[in-house]
Amino acid sequence: MSNTKYILGSFADPDEMMHGIDKLQANNISIYDCFTPMPIHGIEAKLGVRPSRLPIAAFCFGALGTCAGFSLLYYTMAYDWPMNIGGKPSLPLPNFVPITFEVTILLCALGMVATFFYRNHLFPGRAPRVMDLRATDDRFIIAIDARENSDHALIDSLLKEAGAVDVKYNERKYVSYE
Amino acid sequence: MGTHSHHHDYNFNEQYTFAGTAKIVSLVAIVFGIAAIAFGLLSSEHIVVERTYANLLLMGYYFTCVCAAGAFFVALHIVTQSAWCAGIMRIPQAMASILPIASVLLLVIVGLGLYTHNLYHHWHAEGLTDPNSPNYDALIAGKETFLNVPGFLIRQIIFMGSYSIFAFILAKLSYKEDLDGGLNSYKKSFKLSAIFLVVFGFTTPIWSFDTVMSLEAHWFSTMFGWYNFAALWVSGLCAITIILVFLKKAGYMVWVNENHLHDLGKLIFGFSIFWTYVWFAQFMLIWYSNIPEETVYFYKRWEPEYKPWFWLNIIINFVAPLLLLMDRDVKRKQNTMLFVCILLLAGHWLDYYIMIMPGTVETHRGFGLIEIGTAAGFFGLFTFLVMNKLSKHALVPKNHPFLDESLHHQI
């Protein structure tokens, strides 16, 4: 038992998994994380997952895009080579809107994807970090840190009571490297 | 999603009781409106009569657009098989089912305005298309194949008639679903909605060209139809949200929570940006290319009597929702959403005002008893008809196939 790092309760039904979370929490057993093949409504609130900070990254990349787009236009259209187009001022702000907007959206979208990949370690050539491969297919997994919660027999019985079809004692965190 | 084990104890047969303050306020508003409109129409001054017609067109069009947005909401969410909105569907359905009344009213206003020469006199007047007449207008004569009285009226009847029939049947199918259960009503509404969206999508631009853009018949913009659609959709969403918050505050619709409100807020936010996008696309191209036949439209709106209102329009309908609705928490609170929605409804009144007034009363613009009275009258009529319709059926389509998913909606 002593080498066990994580205990994984594997459920075939999302309702039973949600029930399992309730039972574990009622017994003060802290849950490391849950893995499901599809989004489960209400699970973030139940687990106390903090809201994603991705929007902050999105805002920063968007603001960078606004500055980049506007600077490009200002340099080319108003500073380096001002041109008289249709008698308009050489700094025609309404015309700058579409391109500034497009560059904002472009950098915002690319930046969000890059941030997401960086945060989730999804680099080319990197093996994905998965704690239970069937969580990507048809199983709903509750992962419990075995060192933080010592009463493994209680965890085992609670998971099975809730309807877990399988309880695993993993000595490695990620199985996908094997 | 999969969490079906939660047992709810909502009363899905609950019905709204339309009585008390809501009923009195709507009736008083109707009486006030009728008085103001009668005062305007019976005036001995021609310009006051014309101003009243312009206001009737503004509010008649606004009223029809908001009800049509109800029908569009229903059809769109059926075709996309959206689940989140199942619990609030009765509100757009009530708006959709009074679209026939709104359409008849607008048809009467447009018809009377046309025949009394108080509206559309720009293209409907003696000798405009007769080459031998001193009034001959080559541009109007060139548009005569499309822009003529029988064609105009037939299009109005066909467009609004078809929207009304679709809207009425869509609402009726859902009311029938309450009694019969099963998937028959849903399957029928799916087909009907798909057809409706195609018809609506292709004809609303032409409908707005006829009803509003032809007030200044020399000028044209292909963006105008989508610009009007954006205004229609945002104001419709705001009306749905206001009714929802009103019902929640009165203790109804307990199954609707901040997640549903959040989704409405996101739609209002997104389509306010879309409205700006279309408004700006129309404006920027005309401003940059600087062709006199196109700039005349904005030239009129940059005269001193319209210019402040022209810019206020952008502040209310773009800057305000952009700043106020960006934050997640704002979209999840009833009071902030109520405030933004009332602001946007006022904003789109101003939007239509800027579209209609320079082409009708031109420099004799006003804001007084006639404007406030007409707006109040139509507000009262809309409130009375929609709330009355809501009180006739249960507040939720209890046999809707996605209702359970809507109850567990979480974002």
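Which residues point one way from S1(A), and which the other way? Tyr6(A), Leu8(A) and Ser10(A) go one way, while Ile7(A), Gly9(A) and Phe11(A) go the other, and all are buried. Here "buried" means that 20 or more other C-beta atoms lie within 10 Å of the residue's own; 12 or fewer makes a residue exposed, anything in between is partly exposed, and the C-beta atoms are placed from the backbone.

## Ground rules

This is a predicted model: local features need pLDDT of at least 70 and side-chain atom pairs count only at pLDDT 80 or more, while totals for chains, interfaces and linings use all residues. Residues are numbered from 1 along each chain as its sequence is written, with chains lettered from A and ligands numbered from 1 in the order in which they are written.

The predictor's confidence in each residue is the pLDDT, from 0 to 100. Chain A has a mean of 91, and 98% of its residues reach 70 or more. Helices (H or I, at least four residues) and strands (E, at least two) are DSSP runs, numbered from the N terminus.

## The sheet in chain A

Chain A has an open sheet of 4 strands in the order S2-S3-S1-S4, with antiparallel pairing. Strands S2 (33-35) and S4 (166-170) of chain A sit at the edges with a single partner strand each, so one side of each has no neighbour in the sheet. On average, neighbouring strands are turned by 20° against each other, direction ignored. Axes are lines fitted to C-alpha atoms, for helices over the stretch in contact, and angles run from 0 to 180 degrees between N-to-C directions.

Two strands count as paired if DSSP finds at least two bridges between them. S1 (residues 6-11) and S3 (residues 140-145) of chain A run antiparallel and share 6 bridges. In S3(A), Ala143(A) stands opposite Leu8(A), and Phe140(A) stands opposite Phe11(A). S1(A) also pairs with S4(A), again in the antiparallel sense, over 5 bridges; there, Leu8(A) has Lys168(A) as its bridge partner. As for cover, 6 of the 6 residues of S1(A) are buried.

## Chain B as a whole

Chain B has 15 helices and 0 strands. Its C-alpha atoms fill a box of roughly 80 × 40 × 40 Å along the principal axes. The radius of gyration is 22 Å, which agrees with the value near 22 Å for a compact globule of 411 residues. That radius is taken over C-alpha atoms, and the globule rule is 2.2 Å times the number of residues to the power 0.38. Of the 411 residues of chain B, 42% count as buried.

## Two loop residues in chain B

Met253(B) has phi near 50°, a positive value in a residue other than glycine. Its place is in the loop between helix H8 (224-249) and helix H9 (258-289) of chain B. Met253(B) is buried, with 23 other C-beta atoms within 10 Å.

Asn290(B) also has a positive phi, near 60°, and is a residue other than glycine. Asn290(B) lies in the loop between H9 and helix H10 (292-301) of chain B. With 12 C-beta neighbours inside 10 Å, Asn290(B) counts as exposed.
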